[in-house]
Amino acid sequence: MTTLLYSDPELVIALNKKVIFVNPNDLQIFKEIELPEDLYALGLKASNNLTEPSELAAEKSEEKCEQSKVSKKLKHVKIEPPSILHVKLSPDNRLCAVTTSGQKAVLLYQCRPEQAKLVSVRPLARASSVITFSPDSKVLLVTDKSGDCYKYDCENDEEEPQLLFGHFSIVYDLVWTPDSKYIVTCDRDDKIRVTNYPATHDIHGYCLGHQEFVSALAFLDEDTIISVSGDKTLRLWDFKNGRELTMLELPAPGLRLCLRATGENKLEAAVLLYQPDECIALYELTKSDTSKWLVKERQILRIPGVIVNSICFINKNLYASGIVDEHFTLRVFNVDGCESKVSGDWIKVIEEQFKTEVWKPEDVSAWFKKRFDNVSDYLERKKRRIEEKQK
Amino acid sequence: MVQEPCSISLPQKRYYRQRAHSNPIADHCFDYPAHPDNVNWQEFYPNITPDQHVEFADIGCGYGGFLVTLGEMFPDRLAIGLEIRVKVSDYVMDRIKALRTLHQGKYNNIACLRTNAMKYLPNYFRKAQLDKMFFLYPDPHFKRAKHKWRIINQALLSEYAYVLRKGGLVYTMTDVEDLHNWIVQHMEKHPLYERLTDEEEKTDPITPKLYHSSEEGTKVVRNKGDHFLAIFRRI
């Protein structure tokens, strides 16, 4: 997986084992993080005990057995090096969080004032699906493939991760209201959920209406969120009241979303689509005098031959990272949606950084629900049985 | 749906047997409403009035024995049985149809819905809609790896608290002591529930019915097994 994100003044790009921090204007690499080969040597504990803290005594002893088995296994098997799943910078830009597969862990790096310095290595129960810092940068939330959401304290590195809440399918996005009162999550079961914070046991409500996975969320203002989904729609919600405000058809299923302000009460949204070539749609969002958001389709960007995986705005430009022939590529579009030529040289320098990394795209088709019919067969047999009886 | 022809008799269970376990995490062939607004409750309750809504939910209602009792006990309130297994839920639907035919004007307040209660409760019920939820003889999912499949766990308890009104009750019953301990431990740890006192549990008019009306329960009584009851209040 790659991550592409912008946190003024740095563009952050991550793939496999390396994270680089780049100045998007002159291409200078500020710093980089190379993942350590052996996280167990840095104190990572086997992570299979990351369930609820309230287990019965019997289970605990069972777990100890499992753990000793795991550690025995580790001695004999060559340790698989960790690989990056997700990267995020804290809102105050002081911390960089990295989740890894292979050796499943949550790493925290201190980015300021010095070069990136690894400050904590904590276990990760299952592969992460989203990571998000709290607005005050004090807490990192990590959701995993099974839908659980764990809290990692960023001030006390020693503190065990804590299970906050759970969905019943993978969580694709998690956003935190700027006032920290709500966490909004979306999952593969078509749901957007609004959870109170810090009372995360208390569900505030749901925004229901999507009919496939909900892949990405963002705030338009303090009461409104935008969502995109595999059902080929983009929707706006009054999320505190669970009310759908607007719906717009997308040309294809939506996978990711990013926003930039283009003026007062005016935003531009880029939606990454699940279709070849014409894979980014741009929308203009305008807030009217009556506080109603209007959505207008602006244009579709063509990126032939590239499987785009990540998008982000930097000032007026849209950056897209993706895969060509199993290798990393970066594309930049200017405000008119034209591919920016000027940056060609420095993009090569960035691509050079990841030249040796082989990268296979994620199979997004697995996000869609598999409909298998276990009903009509039964009904057919029942019908025959009843007909038999009537004869 | 295929119907037993003009059911003068109740459906026979032997045609509807199905193994006791179901994977609640997997995708299934379910039609579920995107929003509670989209449910046509008239299909379930022919005499429903506009100001009436479902208040009781029997989660994993099995063959519907308790659901029928509940309908008899509270003729003015609507109860729904949720069951994930195709044949078993179909049995309950046929059973209710037959009961309605056999007893004109009765049993119009109970219905059965085939769905996955772990995933789709908020698709059917609004916040604070339900007054009582029942978890009777749930699948114990003994293996540790399958504990996430248990119908009572930390994450699901928050979902149940969402659909339950304040003061609403959760009834749990099992013949597996370990599961009972698990349920009590998780419910007591969750900030939105408190357990009723022994006295309150004993005097609840539903309590005696819990021991006798579910088929699984009857079986356990026959086997002289122990039952473990616990009732909790949504705070």
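Biologist: Which residue's side chain meets D377(A) in a salt bridge?

Modeller: R381(A) does, with 3.8 Å from N to O. Keep in mind that this is a predicted model.

Biologist: Where do D377(A) and R381(A) lie?

Modeller: Both sit in helix α3 of chain A. They are four residues apart, about one turn of the helix. An α-helix has 3.6 residues a turn, so residues three or four places apart point the same way.

Biologist: Is D377(A) buried or exposed?

Modeller: D377(A) is exposed, because its relative accessible area is 53% and the cut-off is over 50%. R381(A) is partly exposed, with a relative accessible area of 43%.

Biologist: Which residues do salt bridges with shared partners join into one network?

Modeller: K382(A), D90(B), D94(B) and K97(B).

Biologist: How many salt bridges does the structure hold over all chains?

Modeller: 32. One of them pairs the side chains of K31(A) and E10(A), at 4.0 Å from N to O.

Biologist: What does the K31(A) and E10(A) pair tie together?

Modeller: Two strands of chain A. K31(A) is in β4, residues 29-34, and E10(A) is in β2, residues 10-15, so the pair ties together parts that are 21 residues apart in sequence.

Biologist: Is K31(A) buried or exposed?

Modeller: Buried, with a relative accessible area of 9%. E10(A) counts as buried too, at 3% relative accessibility.

Biologist: What about D190(A)? Which residue does it form a salt bridge with?

Modeller: K369(A). Their closest N and O atoms are 2.6 Å apart. This pair links distant parts of the chain, 179 residues apart. D190(A) is in the loop between β14 (182-187) and β15 (192-196) of chain A. K369(A) is in the loop between α2 (344-353) and α3 (376-390) of chain A. D190(A) and K369(A) are both buried.

Biologist: Changing topic. Where is F239(A)?

Modeller: In chain A, in the loop between β19 (233-238) and β20 (243-249).

Biologist: Why does F239(A) count as buried?

Modeller: Because its relative accessibility is 1%, and buried means under 20%.

Biologist: What does F239(A) touch?

Modeller: Leaving out residues up to four places away in sequence, the contacts include T177(A), Y182(A), V184(A), C207(A) and F219(A). E222(A), D223(A), T224(A) and I225(A) are also among them.

Biologist: How far apart are F239(A) and V271(A)?

Modeller: 20 Å in space, C-alpha to C-alpha. In sequence they are 32 residues apart.

Biologist: Which residue other than glycine has a positive phi near 65°?

Modeller: N93(A) does. It lies in the loop between β5 (83-89) and β6 (95-101) of chain A. N93(A) counts as buried, at 11% relative accessibility. D277(A) also has a positive phi, about 65°, and is not a glycine. D277(A) is in the loop between β22 (266-273) and β23 (280-287) of chain A. D277(A) is partly exposed, with a relative accessible area of 28%.

Biologist: On to chain B. How many helices and strands are in it?

Modeller: Chain B has eight helices and seven strands. Buried residues make up 60% of its 235 residues.

Biologist: How many residues of helix α3 of chain B are buried?

Modeller: Eight of its eight, residues 117-124. Among them are M118(B), Y120(B), L121(B) and Y124(B).

Biologist: What do the buried residues of α3(B) pack against?

Modeller: β16 (203-207) of chain A is one of the elements. From chain B there are β1 (54-59), β2 (78-83), β3 (110-114), β4 (130-136) and α4 (154-163).

Biologist: And H190(B)? What does it touch?

Modeller: H201(A), Q154(B), L157(B) and S158(B), not counting residues up to four places away in sequence. H190(B) is in the loop between α5 (177-189) and β6 (193-195) of chain B. H190(B) counts as buried, at 5% relative accessibility.

Biologist: Last one. Which residues form a negative surface patch?

Modeller: D175(B), E177(B), D178(B) and D226(B). D226(B) is exposed, with a relative accessible area of 54%. D226(B) is in the loop between α8 (215-222) and β7 (228-234) of chain B.

Key. Residues are numbered from 1 along each chain as its sequence is written. Chains are lettered from A and ligands numbered from 1 in the order in which they are written. This is a predicted model: local features need pLDDT of at least 70, side-chain atom pairs count only at pLDDT 80 or more; totals for chains, interfaces and linings use all residues. Side-chain values use heavy atoms; hydrogens and water are left out. Buried means under 20% relative accessible area, exposed over 50%, partly exposed in between (1.4 Å probe, protein chains only). Contact means heavy atoms within 4.5 Å. Patches are made of residues with over 30% relative accessible area and no salt bridge: like charges are joined within 9 Å, nonpolar side chains (Val, Leu, Ile, Met, Phe, Trp, Tyr) within 5 Å. Accessible areas come from the Shrake-Rupley method with a 1.4 Å probe; for residues, only the protein chains shown count as cover. Lys and Arg count as positive and Asp and Glu as negative; His and the chain ends are not counted. The place of a charge is taken as NZ of Lys, CZ of Arg, CG of Asp or CD of Glu.
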